[in-house]
Each structure stands twice: as structure tokens, then as C-alpha cells.
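Please open the model in your viewer and keep the selection panel at hand. The tour below goes from one selection to the next and says what is to be found at each stop.

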There are 2 protein chains.
Amino acid sequence: MSSLAHEDLVVVDGLEINNWDRKVLEELRTGGVSGVNATCAVWEGPDEATRAIAGWYRLARDNEDVVVLAETAGQIRAAKAAGKVAVVLGFQNTSPFADDYRLVEVFHRLGVRVAQLTYNIQNLVGGACYDAHDSGLTAFGRHIVDEMNRVGMLVDLSHVGNRTSRDAIDASERPVAITHANPTWFFEHPRNKPAEVIRALADRGGVLGCCLYPNVLGGELTTRDQFSSMVARLVDEIGPDHVAIGSDCTRNWSQDFVAWLRNGRWRPPSANPVEPEWPAWPRWFGGPEDFPAVTEGLLSAGLDAATVTKVMGGNWLRLFTEVFGGTEAP
Amino acid sequence: MSSLAHEDLVVVDGLEINNWDRKVLEELRTGGVSGVNATCAVWEGPDEATRAIAGWYRLARDNEDVVVLAETAGQIRAAKAAGKVAVVLGFQNTSPFADDYRLVEVFHRLGVRVAQLTYNIQNLVGGACYDAHDSGLTAFGRHIVDEMNRVGMLVDLSHVGNRTSRDAIDASERPVAITHANPTWFFEHPRNKPAEVIRALADRGGVLGCCLYPNVLGGELTTRDQFSSMVARLVDEIGPDHVAIGSDCTRNWSQDFVAWLRNGRWRPPSANPVEPEWPAWPRWFGGPEDFPAVTEGLLSAGLDAATVTKVMGGNWLRLFTEVFGGTEAP
């Protein structure tokens, strides 16, 4: 077992969707998280997403001793050196782009560097994990992917349908990400990904963020050893450069927010098949403060120091470096 | 009379509100205009203004041999050297900020560097030139001015009421502009500015862009000598560092657009007191191609080369340098 210490790592979390405030940011700092893809839109349209970003500017300015908004891997490394948390703004949907490919560049200029193509249901861009049929990447979706490639915005395939995921992997000139999901061979769930999608992602240089959200982890009773063994098997299957962590932490929200995530405005709350509730998290990982336990688990599972360094953040930094530059200087 | 040549000047136009396309951009280049504050919103709200800016990104990318989007005086000088037109994006209203001071920073990030506080009628920020009463700069307006100072966005007082103008001059930590208006002593008109406003503006380091729009120039029959003498008198009164040009060119529009400028969505077209029509321009200045005639006129009026250099662009460059840096790095 390696003598690698968690605090020596540049830890990057592939996705968190917290109700961000100073206390939550301090939780990330306590957990040794130096970089995070922070969701600032799920169902929001252009104006709402813009206001959410405006809120981030304010939050970052008011807490500049803890947080910095980052648009490059280098800024995440600098945040680590400064003992701060670097926040990369991200969308979990393409709803902020509405039907206007030009808004990709607009939001890129506002600092957004990651966008998931769909969130749970079919949208203008493609199909999603909870719909019965998946349209594949649409004609508009191809332009969105092209534009994301051009300006340097990472395509995220979490919550995306498998057919659309395959199409997007093929269509993208740049490697793509699944920021927060697990393989279906670990836990069968619509949000998790079949081996062939993960393989195609890795073949094109992409990264999968192994996810700690209870619903895709197999519940609160899934052990750290089970999670760590899944990571180790993925490293064996697709190589150490394509596996990372995407915790999907959901700190500081009331119950309304889980209902918003499930229903958005696309169905009335009364039509929700089950009353939306936050799941219970495993005892060994309850939030961003517990990131040291993840490092420890990976080391216990026998991963070497170099691999743990990659999985805990190095792979996200590599991918961000490759993608955020874009194919054309905007 | 000086041997100064128009083509040696870095010509900057304080405001044009053209229907921008390649042909219009070429007209500016033909006229030797290296920098221009280009209006991209008059009545637009946040979303519409964002789409207009998205259109500018596309237009600039498709015509990069003619135009560059600029956010600094240095980029205007570089455009001059490269034989291009540098466009500084500007608003003629604060409607894109809606009731949200945070949108100042958002639009600043999108490239907007100039915003006129009001357009013709009272808004959330202050009073305007065509309303019977002027609220003065409102409580919200003070925050907008503060935020513009902080991020580095130029306050424009054209079309603004006189009381609000005085308030804004006092409230702003940075010098402000009247990008396109004339003194009322030259032509009495609600859009033109009384001597005390112009004096206060200059005392705080601001710049007045003398305007060629027929309605504020006194009509198409106003001669180049009359215009040039007005500029010369202004230089005598407030000094050579505070006088510039803001042509208010309105190229390439159909008649609908003048109705849009007059009525926006605040009154039905039927309530318009007179049928809106574009005015006829003077024979000596019909559009951006005629900028050499302005230089010639100023030289004929006896202004020295140093003063003409300032009036034709140097003063805008100085003001942009002072203001666009902001009081706090955003």
C-alpha cells in the first residue's frame, strides 16, 4: 500500500449540484477538493441560467478567500496551491441554449465549461436515460456538439440516453465525459452506463466519473470496498487515464429541490410516480468532507499512487486541458 | 491650416446604430473609422440583448478580415494598424439589465463596454430627455452606476434627462460620456445638452461626442462650417480633451426601425404623435464613408493638428482607457 496522502493530491470532483454557499464551499475545502464542476442549471432556460451565473459571480466575489471561478486546469492547480476551491461552472442540460446554437458561445464567455446534453428526458439535442425511446443526437444536437468543440466546452453524457451518447462520442472532435455515473455491470440502473458506451468513451480519450449518489451506487449500504473494487475493475478494463470521480453531492437543499430535479416544469408534481425524496448516503461518504475516505478506499483496493492521483483528479485535469482550449480560438 | 491627413488619424466614432452587415462595416473602413461604439440594444431586455450580442459574435467571425470586437483602446489602435474596424459593443438603454444589477457584470463579460442610462423615457435607472419630469438617478440607478464603475463600463448620458445626467456625473467615480448629442446653444432640442451639463461632464474628465444626426444637428441644411465652428467653440469652452464625434449613423435600416426606436413596446404605434420617418442627412455627411469630410471641416475651422487628432478619436481612446479598466478587476 502506497504512502500517498490525500492532501498531496489535486482532487477534482466531476460533478456536484449543491445549494452553494460559504458553508458548502468550506466543506469542499475541508475534504481537500481543489476543483469541482458545479451545476448551475438543470431545467433553466437562457435567462434563468444567466441569472444563476450572475449569482455565482457574486458568491465568488464575496468568498474569494475560499473559492475562485476557474476556466482552465491551470486555475484548478493554482487553487490547490492557494488552498481554495476552483469552481468550473457547468450545466446538466442544454436547456440554457434553447434553440440557439449561438448561446453556446455566449455561455462559454460567461464561464461555463461543461454541458450535459440532456437531463433525464428527450430535449432538442437528444434522448435521455429515462425516456423509453432515444432519438439519438438530433440535427440541432450536432450543431451544439460542433459549437461546444469549437469554443472549448466539455460534452457531458451523464443522464443522456445510450444511443445519443454513442452518437455524441462519434460526433465530437474532442474527447467527452460522463461526469457522474457508474457501469451497469456494477449496478443496473437507467442512469448507469453499459460497457459499450464506456468503452467507446474511453477509446476517444474520454473520462468517466464514478458516482457516489446513492441511487446509482446501489444504495446507502454499498460499501467503500465495493465502490473501490468497481473503480479498480474499470481501471483494468479501460485504463488508468479514463476513470475519475464525480460524486454528485447534493448538499444544503430542501426537499423541494429534489422535486424540481425530477419534475422541472415538464410534468405536474401530481404526475410524479413516487414522492421525490433525497436518498440516504452511505456512512462512509456523506458529502464533500469525506473525500479523504475515497482516496483511502482506492489505495486499500490496491491501486498504485500514480493511478490514484489520476482517478482523484489528474484525469479531469488532463481532459479539461484537452477540451477547454477548443478547436478554434473563439 | 495643418497638413494632417485623415488616414493618419485613429478615428473613433462615439456611436453608430446601423443595421450591421459586411457592407456597412466596409463603409466604416472606407471612411477611415477604426473604432466605433456600436449599439446592440435600445429597448431589448436581457434575453434579446444576449441574442443580439450572439449575432455580433457570428458577424465578427464571418467578417474577420474587416471587423474585430474590441474591449480596450489598445484593440482599436491595433485595428487601425491592421486596416480593420474595431467594434465596441454598446447599449443605448439599461433595459438589458432589467431590475438586476448583477447583469452589468454579465454583459460586461459578454463584451459590452458602454451603456446609456435611459433611452428617451423614464426607466428604472433614471429620467430621460423626452419625459416631462425627470426622477433623477434612482436608488437602483446608483447601484447600476456603481456596478458599471466597478466592472469598467462607460456611462453614456445621451438621451438621458438633465437632472439624471447631473446626478450620474456626480455619482460616477469614473468619467462619463455623452456619446452623441450637441449643445442646446447650437440647436435647441430635447436631445441636446445645456451648457451646465456639458461643463460638469468635462470637469469630471468626460467626453462629449458631437452629433451628426440631422434631428439634433438642426436639419440637413446645417453646413459643415456651422458644425465645425460648434466643435471649435466647444474646444474653447471645455478644452480639447473633452470634445469628440458621435455621428449616430443609422445605415441600412428600413422604416420599421425608426418606428421601433420611437415606440419600442411602450406605446402603440397609433399613439405616435407623428409618423416616424428617417430624416434626410446633410449633403456633406451622409454616412460613415464621409468621415474624411469631418476631419477636413475641423481643419478648415482652424483647429490645430493635435486638437483634431483628439477630437477625431484620441479623446475616446483616452476615456476608454480610463474607464474600461474599472475600479475593481472583475
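What follows is a tour of the contact between the chains, then of some salt bridges, and then of a loop residue.

This is a predicted model, in which local features need pLDDT of at least 70 and side-chain atom pairs count only at pLDDT 80 or more, while totals for chains, interfaces and linings use all residues. Residues are numbered from 1 along each chain as its sequence is written, chains are lettered from A and ligands numbered from 1 in the order in which they are written, and side-chain values use heavy atoms, with hydrogens and water left out.

**The two copies**

Begin with both chains: chain A can be laid on chain B by a turn of 180 degrees and a shift of 0.0 Å along the axis, with an RMSD of 0.0 Å (a least-squares superposition on the C-alpha atoms of residues with pLDDT of at least 70 in both copies). The two copies are thus related as by a two-fold rotation axis. To find that axis from chain A, select A:Asp47, whose C-alpha is the nearest to it in that chain, at 2.9 Å.

**The interface**

Now select the residues in contact (heavy atoms within 4.5 Å) between the chains, which are 24 from chain A and 24 from chain B. Of the interface residues of chain A, 100% are also interface residues in chain B, so the copies meet through the same surface. The chains bury about 2000 Å² between them, 52% of it on carbon and sulfur atoms, where buried area is the accessible area (1.4 Å probe) that two parts lose on being put together, summed over both. Highlight A:Arg51, A:Arg61 and A:Arg109, which supply 31% of the area that chain A buries against chain B, more than any other three residues.

**Salt bridges across the interface**

Between chain A and chain B there are 8 salt bridges, each a side-chain nitrogen of Lys or Arg within 4 Å of a carboxyl oxygen of Asp or Glu. On the chain A side, the elements that give two or more residues to the contact with chain B are helix 2 (46-62), helix 4 (102-109) and helix 5 (139-151), with helices taken as DSSP runs of H or I of at least four residues and strands as runs of E of at least two, numbered from the N terminus. Helix 2 of chain A gives the most, with 9 residues.

**Within helix 5**

Move to A:Glu147, which forms a salt bridge with A:Arg150 at 2.7 Å between the closest N and O atoms. The two residues are 3 apart in helix 5 of chain A and are therefore separated by about one helical turn. A:Glu147 is buried at a relative accessible area of 7%, and A:Arg150 is buried at 8%.

**A loop residue**

Finally, select A:Ala280 in the loop between helix 10 (255-263) and helix 11 (291-300) of chain A. A:Ala280 is partly exposed, with a relative accessible area of 40%, and touches A:Pro214 and A:Glu220, not counting residues up to four places away in sequence.

Definitions and conventions. Buried means under 20% relative accessible area, exposed over 50%, partly exposed in between (1.4 Å probe, protein chains only).
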